[in-house]
Amino acid sequence: MRVMGILSGTSMDGIDVAVVEVAGEDGTPGVPPCFFTTSPYPRDLRDALEGVALSGREVSAGTLASLNVAVGEAFSEAACQALRAIDGVELIGSHGQTIAHDPSPPAGGGRPATLQIGEPAVIAQRTGLTVVANFRSADVAAGGQGAPLVPLFDFLTLRSEHESRAVLNLGGIANLTFLPAGCAAEHVRAFDTGPANMPLDEAVRFLFEDAGAYDRDGRIAAQGRISEDLVIRLLADPYFAQEPPKSAGAEQFGPQFVAEAVRLGRALGLAAADVVASLTEVSARSVIAAVPAQCERLIVSGGGTHNPFLMGRLVTHAARSHPRLAVETSDRHGIPVDAKEAMAFAVLAYRTLHGRCGTLPAATGAREPVVAGTIVPGKNYAHLMRAVWDAAPREGT
Ligand SMILES: Nc1ncnc2c1ncn2[C@@H]1O[C@H](COP(=O)(O)OP(=O)(O)OP(=O)(O)O)[C@@H](O)[C@H]1O
Ligand SMILES: [Mg+2]
């Protein structure tokens, strides 16, 4: 079955669309994807989302309802463009845009909750296709973090019979999946090691007063000097010592973390580029410190792979502490670095349609695995359900 995955990550740098051929009972995807593209959000929508998403700011129900439809329209536009370029897509998995994620609020601080917007009914209406969305809520309802959800995809595509591997995504946050040699799904471990690009984007925007900027190609960090003092102080953040399962977001490594880094940097007499270089070093060091010693290969994806300074520091630290560890990008395995997460949500949608669990409790901390997501029927729903029924194993056969 040809399935499309659509996603916009926490950085809101664009809407990723991937189309993969998914087959079999477990939903193993063919690699490379048949199609992949990233298209930017309309500027005004991105501005509106930045005012709301993960900001903790008050927002009216009407504004939220309208944004939900606006994101649905932007995702539909990206989906329809892809459908003009590639035939035969039958199902869409839409992650949506996370605007709130608080799976473990402090006592008295509300209920465990996560919210991704991008109305799936709009996508189903405009594409005519059945859409699976709202992938995180069932896991949160089962006591989990609702994240990370990509480890099952890592297991299906990158597990090796002979080699212990770690799979790393350098998005806003750094997500690590550990796949011991010959592992079964229940042996997969996954968690957020801490920051990747989020504090770098935030620091560049704050220090250089440039709203949409980021450290393109790591050029700012390359002009700076890593301050060991600052790095050590930032690595003292309690998140790094916390035992997994754990997940991080803007609450841990967003504006407050960067404000502290800037304050310390000023006290140490550092230049702006030194702060960016040191924050990049914190991302690299915290990732490598979390890679299990027996790992032989580290397979990296996400926007951070485009930052040579970050990748250089990663390789340097890997060589020091894990001399047997080969570091490479997921491209080598047929998974384009920017396409992996969209591919993963295509696989999850397929599994949901077939009634298969999409989560790993060892990664999310949930009581049990769950079939993830809400199915919104499109015009092809009856046809799809017949195909699923025909493919279902029969008792006694
Ligand atoms: N050429 C580049 N040089 C440096 N950094 C880059 C480059 N291209 C992308 N990035 C970084 O990658 C980030 C986007 O990465 P990605 O799309 O993987 O994250 P995301 O959309 O936030 O997803 P997630 O929700 O998984 O964190 C950008 O915000 C930027 O910091
Ligand atoms: Mg992105």
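**Entry 1**

I started with Glu 281, which is buried at a relative accessible area of 1% (buried means under 20%, exposed over 50%, partly exposed in between, with a 1.4 Å probe and protein chains only). Before going on, I noted that this is a predicted model, where local features need pLDDT of at least 70, side-chain atom pairs count only at pLDDT 80 or more, and totals for chains, interfaces and linings use all residues. I also jotted down that residues are numbered from 1 along each chain as its sequence is written, that chains are lettered from A and ligands numbered from 1 in the order in which they are written, and that side-chain values use heavy atoms, with hydrogens and water left out.

Which residue forms a salt bridge with Glu 281 at 2.6 Å? I found Arg 313, with 2.6 Å between the closest N and O atoms (a salt bridge is a side-chain nitrogen of Lys or Arg within 4 Å of a carboxyl oxygen of Asp or Glu). Arg 313 sits in helix α13 (residues 308-321) and Glu 281 in helix α12, so this pair ties together parts that are 32 residues apart in sequence. Helices here are DSSP runs of H or I with at least four residues, strands are E runs with at least two, and both are numbered from the N terminus. Both Arg 313 and Glu 281 are buried.

Glu 281 also has a salt bridge with Arg 285, where the closest N and O atoms are 3.0 Å apart. These two are 4 residues apart in α12, which means about one helical turn separates them.

**Entry 1: More on Arg 285 and α12**

I followed Arg 285 to Glu 228 and got another salt bridge, 2.8 Å from N to O. Glu 228 belongs to helix α8 (residues 228-235) and Arg 285 to α12, so the link joins parts 57 residues apart in sequence. Glu 228 is partly exposed, at 40% relative accessible area.

I then checked the length of α12 (residues 272-290): 19 residues at 1.5 Å each should span 27 Å, and the end C-alpha atoms are 28 Å apart, so that agrees. The expected span is 1.5 Å times one less than the number of residues. Of the 19 residues in α12, 15 are buried. The structure holds 17 salt bridges.

**Entry 2: Ligand 1**

Which residues come nearest to ligand 1? Of the 21 residues around it, those are Ser 11, Gly 172, Asp 201, Asp 217 and Glu 341 (near means a heavy atom within 4 Å). A polar backbone atom of Gly 172 is 2.6 Å from an oxygen atom of the ligand. An N or O atom in the side chain of Asp 201 is also 2.6 Å from a ligand oxygen atom. Taken alone, ligand 1 exposes 650 Å², and the protein buries 87% of that (Shrake-Rupley method, 1.4 Å probe).

Most residues other than glycine have a negative phi, and most peptide bonds are trans. I looked for exceptions. The bond from Val 31 to Pro 32 is cis, with omega near -5°, and Pro 32 is in the loop between β3 (28-29) and β4 (35-39). Glu 209 has a positive phi of about 45°, and at 74% relative accessibility it counts as exposed.

Note on methods: Polar contact = N/O pair within 3.5 Å; in protein donor to acceptor, adjacent residues only side chain to side chain.
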